[in-house]
Structure formats: C-alpha cells, structure tokens
2 protein chains.
Amino acid sequence: MIESQPQINSTFQFEILYQSKHSQARVGRIHTPHGIIDTPNFVAVGTNGTLKALPNHWLDELGLQLMFCNTYHLLVQPGTEVIQQAGGLHNFIQRKRPIITDSGGFQVFSLAYGGIANELKSKGTKKYTGSVLKITEEGVVFRSYFNGEKICLTPESSVQAQKAFGADIIIPLDELTPYHISDEALLDSFKRTHRWELRSLAEHRKNPNNQAMYSVIHGGIHPELRHKSCEILDNADFDGHAIGGSLGKNITELYATVQTTTPKLSPEKPRHLLGIGDLPSIDQCVPLGIDTFDSAYPTRSARHGVLFSFDGPIKIDRQIHRFEHFPVDKDCHCHLCQNYTRAYLYHLFKAKEPTAMLLASTHNVAFMMRRMESYRNQILSGLI
Amino acid sequence: MIESQPQINSTFQFEILYQSKHSQARVGRIHTPHGIIDTPNFVAVGTNGTLKALPNHWLDELGLQLMFCNTYHLLVQPGTEVIQQAGGLHNFIQRKRPIITDSGGFQVFSLAYGGIANELKSKGTKKYTGSVLKITEEGVVFRSYFNGEKICLTPESSVQAQKAFGADIIIPLDELTPYHISDEALLDSFKRTHRWELRSLAEHRKNPNNQAMYSVIHGGIHPELRHKSCEILDNADFDGHAIGGSLGKNITELYATVQTTTPKLSPEKPRHLLGIGDLPSIDQCVPLGIDTFDSAYPTRSARHGVLFSFDGPIKIDRQIHRFEHFPVDKDCHCHLCQNYTRAYLYHLFKAKEPTAMLLASTHNVAFMMRRMESYRNQILSGLI
C-alpha cells in the first residue's frame, strides 16, 4: 500500500563538522524534517516530481539525499490542489527524504528569454518575449505553457504554493535579470528582487511549517552588487543562501562570482549554488565553500549516452564499447554496473531502447553520490 | 560484478499436471535449462534483448518466466559475434530465466509487407516490397533496416544464429505468406515453408545444445492446410509447436484457426500461439489448449497509458484519475502499485515523463503474470 509519510518531528539545522584550514570548503550536515543531507552534496533535479526516466523509490537506494522540484512546472501540472489533497509533495511523489522547491520565478523568466541556458550564457534575447505578460511591483503575470491560462506569481503566492507542497527547503520569488541589460534597468530589477525576497520571507514567517527558506543572492557578475545582495539578505532571517541570478557566461566568470560572494555570507548558514552541477564547476566551487549544487546535467548527459566515471566521461555509443563485456565501472554499486556490461548498454543505445536511458541515468546519479562523498573525504583529509 | 550464467544441466521437458475434463485446456510445466515455465503462460516480448523501458533484472522479481527475443533484430544489432563473445544471449542481456528466439523470418517478411499488423489483418500490400530482395529454395535475401547491408537468411543460417544466441527454445525458418495470395502461390509457399522447417530441424539436430525447437504450424485460415501442416510437423522430431502464419483478420477467424489446429497436435507437446497475447484472444484460446502466448501488447499499451486490471483497462491519462490518491490496483505487488498513486501516474503521463512508461510497463507485465496464474487456477478448479 501507499505509505503515509512519517510525522515531521525535527526542524532545520546546519551543522558544520569540519572547516578546511586552507580553503573555504567545509563538511557539514543539513538536518531537515525528512532527514539529513551530508555536505558538500549534489541535488538531482526532478522538475515534475521525478528524475527523468528514474522512479523515486530507486533514489533512496542510490543515496540521493536532496531532490530539487520546480514550482513553476508543478503549479501548471498537476496544480496545487492535487498535491495538497495528496498530503503534500512528499506523499504525492512518494519521496521519504528531503525536497527543495524553487519559487517558480526562474522558469517564468527564463522561458520568456527563450531558454535558460542561452540567457545565462548571454546568448538570449534582450527583452521579455513569449510567456511573460507583465512585471509589476506586485509580481509577474505569465501564460502557462501547458494550457495557456494566465497565472499571476507574486512573492506571497509563490510561498503559499511552496507551503502547499511542503518541501523541506523553499526559495523566495526573485527576478532573473537578463545578462544584457542597461545599468538602470539592472539596478531596478536588483532592488525589486530584494523587495520580493523580503516579502517572501515575511509570508513564510507567518507559518514556518517546519520549512526552511534560503535567500537567492543576486547581482550578476558585478562584485559590488553581489556584496550589496549579501549584506541585505544575510542580515534577514533566512535559513541559508542560494547563489542565483546570472552567474556569468563561462566557468571563469562563475568562479569569480562565487569567489566574491561566499566570503560575504555568514559561515554558519548553508550555501547552495543554483542550477550548477557539472563536474568542472563543482570542482572549482567546493573550495569556495559551496555546500550544495543542483543540476539536470547528470541525467541529461545519461540520456545522451554520456556515462560519468572517475577516469572521465564515457561516450557509450562509440564503436569502441561494442565488445566491452565488462561494466562501465566495476566499483560502482548502481543497477547498471552491478548487472550489465558496456557492450549491452552500447547495444541498447544503438537499438534506441528506452531501457538505456533508465540504466545510464541510474549510473550517473550514483556516480554523483560517490563523487560528492569523495569531496567530503578529501576535505576531511586536508586535501581541499 | 557481472555474473556468469549457471551451467546448463537439464534438458527440455513438458509435464502436464492437469488436463481439463471439459475443454482442451491444461496446466503444465515446461522444464528448460534455465528454469521452469508454468503453463498456460504469457511470454513478454523483448525484441532487442530488453522489454521496452524495463530493465531485465526487474523481470525475475515480476515472475516473468519466458522472454521472447527477435533473431532478426539481434542479427542486425548487435550481431552474432558480440552475443557469442559475451557467452550467449542470457549472459549478454543478463537474464537467468528461459528465453525463446524466433527464426528472423517473420520480421523479414512482415517488414517487407509494410507492417506486421496490417498484413496479418489482411490490410497489407499483396507483394514483397522494400527490404526483401529475393526468395529462393535456398532462403531469403533482405536488406538490413539498420545499415542497408544485404543479409541472406537460410534455414541453416537462422538455426546457426539461434545456436550462437543459445535461447532455450528456438524456431525454424518459415515464410510468412500474405493473406491475399493466389491459391497456387499459397500452395508453393506452404510447401517451401515445410521444407525450410524440416531443414531447420535437421540443422538443429546436428548439435541440439540442450535447446528445444518448436515447429511453426502454417496453413493460414484454411483448415485442410492447417491439418496437413500438423500432420507433417507433428510427425517430425520437434519438441513443441508454435501456431503461426496468418491467423485471420479478426478474433473469430483466429478462434476458428486455433480450434481446427490444436486437436491435430500431439497433446504431450507444448503449444505456443505466435504473436497473440491480447486479453480477449488469450481468453478464447486457453480453453483450446494453447500453453503459451507472446505479445508486445501489454508493454505497448502501457506506453500509451493503458493500465490492465481485473476490472478492465484503465486509461490513466483521463481526467477522472487526476485526484485518485490510491493505487491502480491495491492487490498488485508491482513497483507502481506498491509505491505510487493513480493521481501521480496521471501526472507523469500528462507531464510526458519517461518514468511513466517504466511504471506503467512494470504494472502491465505484473498483471499478465497474475492473469495467467488465475487461468491456471481456474483450470485446476474445473472452471475452464
């Protein structure tokens, strides 16, 4: 039978177990009502309440401690009412461990710019198009991609939706500022975003509901704005901080942005890097004191036949793997490596079998768990 | 680590446990080198060595006792050499339980006719088109759909491929005769098919390799030809019989064809109905003494959101299921019903999440296992 979730009986707490002596890296534990998240850690993205091609009951076994769900998508389908009736998001998707939801703002704005990746890499269009109909002090009005319905997202309505979902960690409404923007418009957006975040926090504090709220640090690639954002938000009553907004068009700008930001945040609050979870970026940002990273990259790579390994990525549909009658990684405990060979996975990809996506995705998530554990061990050993 | 298969240490045997007193239905057990198949039973189709969207290591848990793989597809991708190097098909796909392979002929011919379903229902074209290049006494030459390579399939080469794969049950090469055909051409094809089957059997007998070979009973919807086919093939040294060829354009013709065929076959040999596994047809054919049925129907239905249940099919993407916070079937032990609700599955289908296919497919296969067990119980209880 479908199990009810255990009663929520603990509140949010971040415990630092070890602080590196020669970097800002730390090993910690985030306590939430649905369990512990060891940090640094990777947060897999399950936009619609599932990772792509993986059932949720596999994720416990894989050791995934935090899952990222997108409020925007869940608002338009299945909608708040269904999730609330089910007893919250954990019950609806049958996940027993922690969940984080975003505000919905990121998707509203990024879809309007013609794609998240393009915009964040400064390749997007310069003005709002498509689904965003109006931005006012009150909030943002957009058209649902699902059924064309007009939806108004305000700081208050976003928090209320996230209350209905009941994720362990929630995010205030912010505005995704385009990379290409005039100084004046940037400053306007920057100020509005912070007013929205503080309104979100006020709404959250009315009924904390054992949820934690992380701020979203803004300011694009401008150090002085990042510092200002840290000052405003670190002095407010947030439980942690997410570094968001435009993080630059390449890993150098990302590094510089994170490097100028983390020292300005209280060390005792956990720090999440929004939407970044590729291996080179994680490698650069763990020493800068980032505790959690979210990204759809591992599962998306898997669907394209890119299998992660400690020796670098394996493009499994290359001819070289056709006769490899051994696992992708003999030391990996995932369903793929424990049961099947590279030759079989090569065959499944060539034959375009959906089973290939499932097996490759389970491996990449398992790999991310091992990789993050190895970061924790490296920090504890004084190597980072 | 990837496990090697246990040594093959038993040979094929069909044991009838109970013969119904008022129909031809029987409850039996097919013993094979990789384990037992309780009959009547359903054989799931894993064309390329996997069921669509389901990993093989789940199938043991689901109780799937026999899996049907297609020689034609496996010949073109990954090819005999890869499978042989892996130590056979069981090792390659990591299936510990029995496998049946066909000869490849069915796909060669049906693809040539512009689709299996169309042809068998008499809607196909009347002559060979596309991939079949030549049919001679020797065999059939066709072009691989995968890379355009010319491949010659003869009774001997089909059996040799099936020896390399090492399935527990194999099938002789036959010709799929079109539904629309002149009497003379029909008779020519009929005779050639039987010569091919006997050549296949002779090739198989050179090296039985602990495999069993089923004949394919032909004759279309013509009772006298079906009887003639039974006479020829039942007198040869086959281990069982598959009823194949054109089975008619509807369930009435199917029923009539099976009804005229099974009484002409030795009762002590198992009988398989090729490519038929929808629920109404199984219901009609179990009392006629069919022991096993194969079909991609349950997994294909699942991918289209049709969930099987004892109360009839559930079209899960209908609005009515949106708020159903209970399982598809509370008595079902599959991963879907044990973990998730109808409302969640509805949502996954609406959101076009690949996880939906996986969960729906696991349910439909689990349902088929329960349905076939209920037939066995009904026969044992004297109800069929």
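In the predicted model, a nonpolar surface patch of about 280 Å² is formed by A:L111, A:Y145 and A:F146. Of these residues, A:F146 is located in the loop that connects β8 (140–143) and β9 (150–153) of chain A. The relative accessible area of A:F146 is 36%, and this residue is therefore classed as partly exposed.

Helix packing was examined in chain B. Two packed helices are described by the angle between their axes and the distance between the axes. Helix α7 (residues 155–165) of chain B packs against helix α8 (residues 183–206) of chain B at an angle of about 45°, and their axes lie 8 Å apart. The arrangement of α7(B) relative to α8(B) is therefore oblique, and the crossing of the two is right-handed. A second pair consists of helix α14 (residues 342–350) of chain B and helix α15 (residues 354–380) of chain B, whose axes come within 7 Å and cross at roughly 135°. This angle makes α14(B) oblique to α15(B); the crossing of α14(B) and α15(B) is left-handed.

A glycine in a loop of chain B was also considered. B:G245 is placed between β12 (240–243) and α10 (251–261) of chain B. Because its relative accessibility is 11%, below the 20% limit, B:G245 counts as buried.

Side chains of opposite charge can pair when their charged atoms come close. Over all chains, the count of salt bridges comes to 34. One of them joins B:R29 and B:E15, with an N to O distance of 3.7 Å. This pair links distant parts of the chain, as B:R29 belongs to strand β2 (residues 26–32) of chain B and B:E15 to strand β1 (residues 13–19) of chain B, 14 residues apart. Both are partly exposed, B:R29 at 29% relative accessibility and B:E15 at 25%.

The closest N and O atoms of B:R199 and B:E138 are 3.8 Å apart. B:R199 is partly exposed at 22% relative accessible area, as is B:E138 at 46%.

In chain A, A:K330 and A:D331 form a salt bridge whose closest N and O atoms are 3.5 Å apart. A:K330 counts as exposed at 57% relative accessibility, whereas A:D331, at 47%, counts as partly exposed. A network of salt bridges links A:E15, A:R29 and A:D38.

Methods. Residues are numbered from 1 along each chain as its sequence is written. Chains are lettered from A and ligands numbered from 1 in the order in which they are written. This is a predicted model: local features need pLDDT of at least 70, side-chain atom pairs count only at pLDDT 80 or more; totals for chains, interfaces and linings use all residues. Side-chain values use heavy atoms; hydrogens and water are left out. Patches are made of residues with over 30% relative accessible area and no salt bridge: like charges are joined within 9 Å, nonpolar side chains (Val, Leu, Ile, Met, Phe, Trp, Tyr) within 5 Å. Accessible areas come from the Shrake-Rupley method with a 1.4 Å probe; for residues, only the protein chains shown count as cover. A salt bridge is a side-chain nitrogen of Lys or Arg within 4 Å of a carboxyl oxygen of Asp or Glu. Helices (H or I, at least four residues) and strands (E, at least two) are DSSP runs, numbered from the N terminus. Buried means under 20% relative accessible area, exposed over 50%, partly exposed in between (1.4 Å probe, protein chains only). Axes are lines fitted to C-alpha atoms, for helices over the stretch in contact, and angles run from 0 to 180 degrees between N-to-C directions. Angles under 35 degrees count as roughly parallel, over 145 as roughly antiparallel, 65 to 115 as roughly perpendicular and the rest as oblique. A crossing is left-handed if the near helix is turned anticlockwise from the far one by less than a right angle, and right-handed if clockwise.
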